[in-house]
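Please examine the model shown here. A series of questions and answers accompanies it.

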Amino acid sequence: MKPVRLPAAATLALPRWALLALGMLYILPGLIGRDPWKEDAGPFGIMWTMAHGGLDDWLYPNIAGLAASQEGPLAFWLGALCIKLFGPILGDVLAARVSTIGIFVTGAMSLWYTAFHLGRRAEAQPLRLAFGGQPEPDDYGRTLGDTAVLIYLGCLGLLVQSHLTLAATLQGALLAYFLYRAVRYVENASTRNAVLVGLALGALALTRGFMPPVMLVLALFACTRYLKLHTAATVRHLGIAAGVAFLITLVWILPAASLKPYGLSPVGEWLAWNAGQIGLPGWASLKGFLRIGVWYFWPAWPFALWALWAWRRQQHLLHIVMPVMFFGALALLMLCDPEPENADFLKMLAPLALMAAFGLPTMKRGTINAIDWFSVMVLTMLGALIWLFWIAKLTGWPAQLAKNALKLVPGFKPEVGIIAFMVAAAASIGWIMLVHWRLSRQPSVLWRAVVLSSSGLILVWVLLMTLFLPDLNYSKSYAGVAQQIAARLPPDAGCIDTNVGPAQRASFAYFGRLPFAGLGGGECNYVLLQDSIKHRDDNILARRHGVRGATLLWEGRRASDRDERFRLFRRSR
């Protein structure tokens, strides 16, 4: 027997304007007014270099002369194109983030339509009620689409990553699109749908390498075999999809290998990076996966586990089989990665949120109400605490809170931003109205359990990205350091050798317009060195970079970083 029994009143769709408003309120804070931070300054540097460079920079991704072709160029092409189109109007930083908005919308819409199509299928429908009144398939599908997106927005791991200009962010959105195309292919196993599956696979390969597409093709084949689809046709269609994906990758590989930008070919470095993503899984990788995944996938994973339990007696369910297959394949791939990153978890978020959406209708009303109350209490307390810290840093009262708020940003002078205050106040009032609606109306709609948790998380994010954005920019941006270096560099400086990392190089090139040495190399008269104050060895650095006997022009660091140190030298001629 199916585990879902719902009346039609429980499947009223969330108003389109409300879902759109939540999405925009989610993605825009953290993009507007934020400097490139250490976490995403490197990828922005690639986009900025492409937009202000030539064909060689588009074929060989680099950060002001530092090679960065390991992942693939697609995410950076999109950002660079947006800088070209919108940079004169919005500025280069915000223009690059136009692509981030498009990526977010693509991922959310793909997930919505995937849940909608799966929710309309006969095997996913609720039990028919004795006297009628069960929801129509389209209404149930729309409700599940809303629920999947709300769970997706409520996941803690998506919150920060979706606002960063990373290739992994595009990979997560493309994974959601691939999931949608895979569902459409299973519904209608045609050559057209196979080609569109291949389009998603090719875009994924150009974003973060070919291993995820390979695993997804294998998972899709396993899914079709389990669902007993026609084997010969499936093999032929998946062959077409793989061929289309390969042709798409040639759009970059062929010109990059034949034209040899800067006299080099990035393809070999890209292939080596891909090969380095595979290793043997171990106990340490499993512990790391579970430790990070528990908070990264919250609150989707409890709903997803419940969906597996609730639907366990049903066989050959596409809405369970497909998310499980894809999540399992991607989890195995990550366990085999010798050096996984937090952003890699993004690619598993869409299938998990999809599965969680089908677990929610099977939960009891008491459990759903408990989730509501937990969301209201915890997120309201967090929002109030953020307001209290903001008041404390401005007024000095309470003294302990003021001390804690300012100790991470030594030298920072807080000021009141009128626009930021108004946005934060409006978001807080909206949250109070939403809580009042939930408590006074007692709605029976299915998505009530997740609309509060998602909206509360959005409230916390909006408050942080308005009331504390100046503090975060001061703490995480290299703009001040870049301007100090530029002020001490002579106007006729030809080029600068450096050992700084990708994020620092991008920030210094953008904010300070420092003329770093290009991919072609060559010795420069100036050297910018980065080292650690706690673990420094000046003699080794001097020998390695040829600055023994050189003149020190400047030394400094970010006020919030007690370890990092930068020094600018002029070599003896």
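The questions below concern salt bridges, a helix and a sheet in this predicted model.

Q: How many salt bridges does a search of the whole structure find?
A: A salt bridge requires a side-chain nitrogen of Lys or Arg within 4 Å of a carboxyl oxygen of Asp or Glu. Searched over the whole structure, the model gives a total of 17.

Q: Which residue forms a salt bridge with R208?
A: The closest N and O atoms of the pair are 2.2 Å apart. The pair links distant parts of the chain, with R208 in helix α9 and its partner in the loop between β2 and α4, 137 residues apart. The partner is E71.

Q: Is R208 buried or exposed?
A: The relative accessibility of R208 is 8%. Buried means under 20% relative accessible area. R208 therefore counts as buried.

Q: In which helix do D139 and R142 both lie?
A: The side chains of D139 and R142 meet in a salt bridge, at 2.5 Å from N to O. The two residues are three residues apart, about one turn of the helix. An α-helix has 3.6 residues a turn, so residues three or four places apart point the same way. The helix that holds both D139 and R142 is α6.

Q: How far apart are the end C-alpha atoms of helix α8?
A: Helix α8 covers residues 167–187, which is 21 residues. The expected span is 1.5 Å times one less than the number of residues. For α8 this should be 30 Å, and the model agrees, because its end C-alpha atoms are 30 Å apart.

Q: How many of the 21 residues of α8 are buried?
A: Helix α8 is largely enclosed by the rest of the structure. This follows from the count of its buried residues, which is 18 of the 21.

Q: Which strands stand at the edges of the open sheet?
A: The open sheet has four strands in the order β3-β4-β6-β5, with mixed pairing. Each edge strand has a single partner strand, so one side of each is left without a neighbour in the sheet. The edge strands are β3 and β5.

Q: How many bridges join β5 to β6?
A: Strands β5 and β6 run antiparallel. Within these strands, G556 stands opposite F566 in β6. The number of bridges joining β5 to β6 is five.

Q: Which helix packs on the sheet and touches β3, β4 and β6?
A: Helix α22 packs on the sheet but touches β4, β5 and β6. The helix in question spans residues 502–512, and its direction makes about 55 degrees with that of β6. This helix is α23.

Note on methods. Residues are numbered from 1 along each chain as its sequence is written. This is a predicted model: local features need pLDDT of at least 70, side-chain atom pairs count only at pLDDT 80 or more; totals for chains, interfaces and linings use all residues. Side-chain values use heavy atoms; hydrogens and water are left out. Buried means under 20% relative accessible area, exposed over 50%, partly exposed in between (1.4 Å probe, protein chains only). Two strands pair if DSSP finds at least two bridges between them. Contact means heavy atoms within 4.5 Å. Axes are lines fitted to C-alpha atoms, for helices over the stretch in contact, and angles run from 0 to 180 degrees between N-to-C directions.
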